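Biologist: Could you walk me through this structure? I would like to start with one chain and then see how the others come in.

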Amino acid sequence: MNPYLQLSGVNKTFGDFTALDRIDLDIEQGEFVTFLGPSGSGKTTTLMIIAGFEDATRGAITIGGHSLAGLAPQERNIGIVFQNYALFPHKTAAENVYFPLQMRGVKKAAGLAKAEEMLDLVGLKGFAHRYPKELSGGQQQRVALARALVFEPDLLLLDEPLGALDKNLREQMQIEIKRIQKRLGVTTIFVTHDQTEAMSMSDRIVVFSDGNIEQAGAPLDIYHRPSTRFVADFIGESNLLDAVVTDAEARVAECPALGSVVFGAEGQPPVVDGQEVALLIRPEHLKLSRDPKEGRMNAKMVIDTIVNYGDNALVIGHRGDTQIRVRVPGADVVILKEGEECHFSWTEDAAFVLDR
Amino acid sequence: MAVTLSTLTERRNLWPWLLLAPLAVYLALFFLVPLAEVAIMSVTEPRPGLANYEKVLTGSLYRKVFLNTFATAALVTVCCLLVGYPLAYLMNATTQRRAMMILLLITMSFWTSFLVRTYAWMVLLGNNGPVIWLLETIGFEDPPGILFTRFSSTLAMVHILAPYMIMNIYSVMQKIDRSLIRSAESMGAYGLSLFRHVYLPLTAPGIANGSVLVFVICLGFYVTPVLLGSPREQMAAGLIGHQIEEFLAFGLGSAMAIVLLVVTLIVLAIYSRRFGLDKLYG
Amino acid sequence: MDRFLRWTGIAIVIFIAAPLVIVVPMSFSTSPTLQFPPPGFWLGYYAQYFTDESWLRPTFNSLLIALMTTILTMALVVPATFALVRHKFWGKGAANVMMMMPMAVPHIVMAVGYYSYFGSLRLVHSHLGVILAHTCLAVPITFLVLSANLKGFDRTLERAARSLGATPRQVFIHITLPILRPGLLISALFAFIQSFDETVVAIFISGRDAETLPRKMFDSIRQEADPVIAVISTLLFVAVFLGLIAPHVLRLFRKLFSRAAPKPVRATRNTQATTPQEVK
């Protein structure tokens, strides 16, 4: 069976500049997919091409087996929540939500009733007759969401919708959006440059960089098994160390910073002798101690800076010219001092090998 | 997809011209053509040649009128600045409420027609008017007539054009970051030196804007000088009207009009080189 | 220093206010010669204005000409402004300059041009001639006001409407036009006032048949200083005053009579309030 939403060979150039370079992507019905990447990586361009506001230079997009080619935005039946919400200032919340129904010929009484129902669903009971400027940012966000969902779109696109909200409200809205999406079962693409947001919300993350898809996969897959250096660096914190494979069989690499390092085999890519690689060790997989730890690989470093976050702390140190980052539980931090030398240790499986 | 794409872009390129075309044609027919007509008349009436320009540029009467126009425009500009700058400053310094009241007064003045304001000055300065009455009341015997002099027309023009100056300076002053002034004070600038080194340079764009606007409008001012000024000290616009209405000297009037236009455009060009013309009337 | 500045300010305010206020008492004066203080008060000159054909006709002409000028100007400028603000095309810079040109040319120069050009077209002394000329002169200010409004228009609103199922035509009718309405009204008002107040071109081309109010006033001031002018000045001044304070008064009324209405909540900040889920 064909996937629900299919992008094949989608290419977009502006003059000499290639914004998107052959994007291939399949999305299943009901899936919550996040496009993650730095600004200018092509994620928003892809979204706008799907929505019909930009034309692809080459390539094809289908939803449920039907091509979107030649369809104007209003003919695509795709709901969009914009970054600034784009609520119509001259219409009340209910009228905003009624608008897509109005465009589909629904009579006013029935449409407004449906709109209020939808506002209930997003938690805005009793706010139907307010104008956008009388609503808070979070409330405007909810209206925009209701408006994009009320006409039962085939696809929901969210373009960095949480960017303008402050931290607490962001987290609430993440949960809300997820709840409503599950309840309605609508296939959703969420665009963001915030990796924690992507981690917490998605069924699948698609990482964009320079107009290419770097990797697509489940959040934890992407976190623990990044396929490129860019992904390893962009998602979460990382220690990335250059190394050369010395024994592919025994999975040993020689690393200028740490010496000989054994790396895991499970779920890791195959390597050959003499291959230049990068080793990824996540800061939370390193442990600090005064003395070397039994059964783990150990090395020494000098502590430069300790950044406290309360429940945990980031310890930044150096070994030779290489910077080492370690996450330690908040309680442990009291015994550490800046300028001190200490050991850090890790297990084989914590060292993940990547193509350089 | 490729087909719709190309037709779309084609339509996009044509569309703005379709939207613009009616106005472009209109302005060509009813703005550029009459303007060109003035230029043509200036070298064909009453007979072909540059005689009109020779007269305008060398004749002592015309030269005097143009110099007088310049001098008056410069004087009015300076006076507007002297009136406008302190007031804009005070509006910024005083309470919000007072500033709003003054702003209301200025917009009211701005929106009241040139003619009404000119007439009001006639009433004020007339032989039986309040100013003379006031002078007589405080003991002046037989005060001189001030209406229909260079003084009265200049005063009225300053009054009429001051709102342009005030609004320009005020809007610039309002945008000045207070912390900039505070930081200058913290570095030891105060009083006159604060004004000279910080405030004045920051408000310079407003001064330039207002001055150019006032100067240019004043150069071509017709109504007020004709109604209030001395008939012996005409300004350019008045003399042009005079040539056309009284003597039907279209050629000479047109030549003067062209000279006036060129001078105006030169001032605006110098200005737009430095600041961009679109900002002037914004 | 402060006291000096203060008195300077008061003097300037008086300088600006005095001419605006002085015409009001003069319009009620019984004296035909602008005598101050007025020897007595009556409404005679008001009665004269409202009954004298030679004043009412120019008033009517001016209103008619200003109205037609407004309609013509808007019909031409609105599409052009959309083109200039929203599209990139070859020749855009030149088109922009062309829109602004009538503002840079002294009116007396245009008056000479129209006098001769409309003479050859037999449009002198006609309403149509004045309307055509005034439309040219009203283009720049109308364009400036409208383009400022259009530049401030958030185009994602239009994209949102498209995504919600509206065709470009529907977007224009349901979204663009209603949101731009205040800007359109204000720019139309500017066009109207530009025409209603225009004096110089009208003096030269309106003639007796299409005589406008400013032309009649100009002639009258130049010849005999008819006290009726004080009446008209007062009326015009009051019109401007009412126009300027109307929004404030309306706002005051709205405040007084809508205490039950919800208080506007500041958009992006203040987010912790009011929604049940957000309070927790």
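Modeller: This is a predicted model, and in chain A, among contacts between residues at least 6 apart in sequence, 65% join residues at least 24 apart.

Biologist: Okay, and how many helices and strands does chain A have?

Modeller: Chain A has eight helices and 20 strands, and its C-alpha atoms fill a box of roughly 75 × 45 × 35 Å along the principal axes. Of its 356 residues, 44% count as buried.

Biologist: Switching topic, how many residues of chain B are in contact with chain C?

Modeller: On the chain B side there are 71 residues, in contact with 66 residues of chain C. Helix α1 of chain B, which covers residues 2-44, gives the most to that side, with 19 residues.

Biologist: And what kinds of residues make up that side of chain B?

Modeller: The side of chain B that touches chain C divides into 54 nonpolar residues, 15 polar ones and two charged ones.

Biologist: Now inside chain C, how do α3(C) and α8(C) cross?

Modeller: The axes of helix α3 (residues 53-86) and helix α8 (residues 168-197) of chain C come within 8 Å and cross at roughly 140 degrees. Because angles over 145 degrees would count as roughly antiparallel, α3(C) and α8(C) are instead oblique to each other. Their crossing is right-handed.

Biologist: Which residues meet there?

Modeller: In α3(C) they include C:Ser62, C:Ile65 and C:Thr69, and in α8(C) they include C:Ala188, C:Phe192 and C:Phe196. The residues of this contact divide into seven nonpolar, five polar and no charged.

Definitions and conventions: Residues numbered from 1 in each chain as written. Chains lettered and ligands numbered in written order. Predicted model: local features only at pLDDT ≥ 70, side-chain atom pairs only at ≥ 80, totals over all residues. Contact = placed C-beta atoms within 7 Å. Helix = DSSP H or I, 4+ residues; strand = E, 2+ residues; numbered from the N terminus. Nonpolar A, V, L, I, M, F, W, Y, C, P; charged D, E, K, R; others polar. Axes fitted to C-alpha atoms, helices over the stretch in contact; angles between N-to-C directions. Parallel < 35°, antiparallel > 145°, perpendicular 65-115°, else oblique. Left-handed = near helix turned anticlockwise from the far one by under 90°. Buried ≥ 20, exposed ≤ 12 C-beta atoms within 10 Å, placed from the backbone.
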